[in-house]
Amino acid sequence: MDTLMFFYTLAILVICIVTAVLSLAAYASSRRQFFIYGSGVFICYAIEMTEIFFFEYTLQNRSFPANDYYSITMPVMRTLVATASQAFIWAIAMDLLDKHSKKLFAIPVLTFLLCESLIIVAVPSGPMHQWLYYTMRQVFLVFMGLYIFWTAHKSTKVELKTRVNNQRKHLIIGAILVGCIVAEDFYNILVVPMSLAPSWLQLYLSERNFNENVFACYFAILLIIYSYHVFSIRMQEAPEEKNVSDLDRHIEEQMPFYRNAYKLSNRETEVMRLVVLGKSNQEIADELFLAVGTVKTHIHNILVKTEQQNRTTLILHFWKR
């Protein structure tokens, strides 16, 4: 069992490190802040897994009292790392929703830090103390998911609604896994009397959650896949440093994938970008120094290539890619 858990923990640690490194490389290639935040999440998780790794394998040949099962080792470090991890996750949510308020960013993160600190200081050591401490992370994730859907529901921006809808499947899977994490912690901490469990089981269940590991691996795979797609595009076209609006930024991120998928020419790509921005044929013609008839021809060709009926469905199709 010790050997199995050794390689299991090591594998999770390697996945976190590889994901963080690839995400940083994707940021260098695309300049998209999302990858910095994603890398930060997995760096924090790697730190936690390293602490668990060290704790388990320095104690594996020693007795493990049942009372120690409910203790939280290195609470200050764990709380700071967990807060940093939640901050990076919240930054990903704000990036998805095009929110740039420092106050909006700081309030949930500081609230999480305060709650974790109060639990450590005010709640007596024992099962409830440990369960509340770890469950605060899942509470934060639930809040984040609800905020994403609420903001998208209230928004009048088609591109925002579509971006969130594109992630709906992953958000739902994440919500299911969060429920499994809470259930596992509830069972292992509040239901099972650890004094009756074998000593090796107490050691391996004391500060780990297997559903949380599945949660981390699932989103690590998604981030690795997305990084790969960015590498495949950016090897052909390097990003430009620009100060642009959120809408322009999202179009620039999406356009290389869309252009490659439907074999759009350079001129068709320029026209497509302006169509998505909501420009009229005359405005497109003026900006690109083309005749209106030429613009209509380019739009017709784009509609044929993408198999769309009109400009409205074309724009929706662009954001759903």
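I took helices as DSSP runs of H or I with at least four residues, numbered from the N terminus. I worked on a predicted model, where local features need pLDDT of at least 70, side-chain atom pairs count only at pLDDT 80 or more, and totals for chains, interfaces and linings use all residues. Residues are numbered from 1 along each chain as its sequence is written, and side-chain values use heavy atoms, with hydrogens and water left out.

Entry, α1. I found Leu10 in helix α1, residues 2-30. I logged Leu10 as partly exposed because its relative accessibility is 30% (buried is under 20%, exposed over 50%, partly exposed in between; 1.4 Å probe, protein chains only).

Entry, α11 and α14. I looked up how helix α11 (residues 266-276) packs on helix α14 (residues 311-320): the angle is about 100° and the axes are 10 Å apart. The two are therefore roughly perpendicular, a class that covers 65 to 115 degrees. Axes are lines fitted to C-alpha atoms, for helices over the stretch in contact, with angles from 0 to 180 degrees between N-to-C directions. From α11, Met272, Val275 and Val276 meet Arg311, Leu314, Ile315, Phe318 and Trp319 of α14; contact means heavy atoms within 4.5 Å.

Entry, His317. This residue of α14 counts as buried because its relative accessibility is 18%. Leaving out residues up to four places away in sequence, I listed Tyr258, Tyr262, Thr306 and Gln308 as touching His317.

Entry, Met77. I placed Met77 in helix α3, residues 75-96.

Terms used:
Angles under 35 degrees count as roughly parallel, over 145 as roughly antiparallel, 65 to 115 as roughly perpendicular and the rest as oblique.
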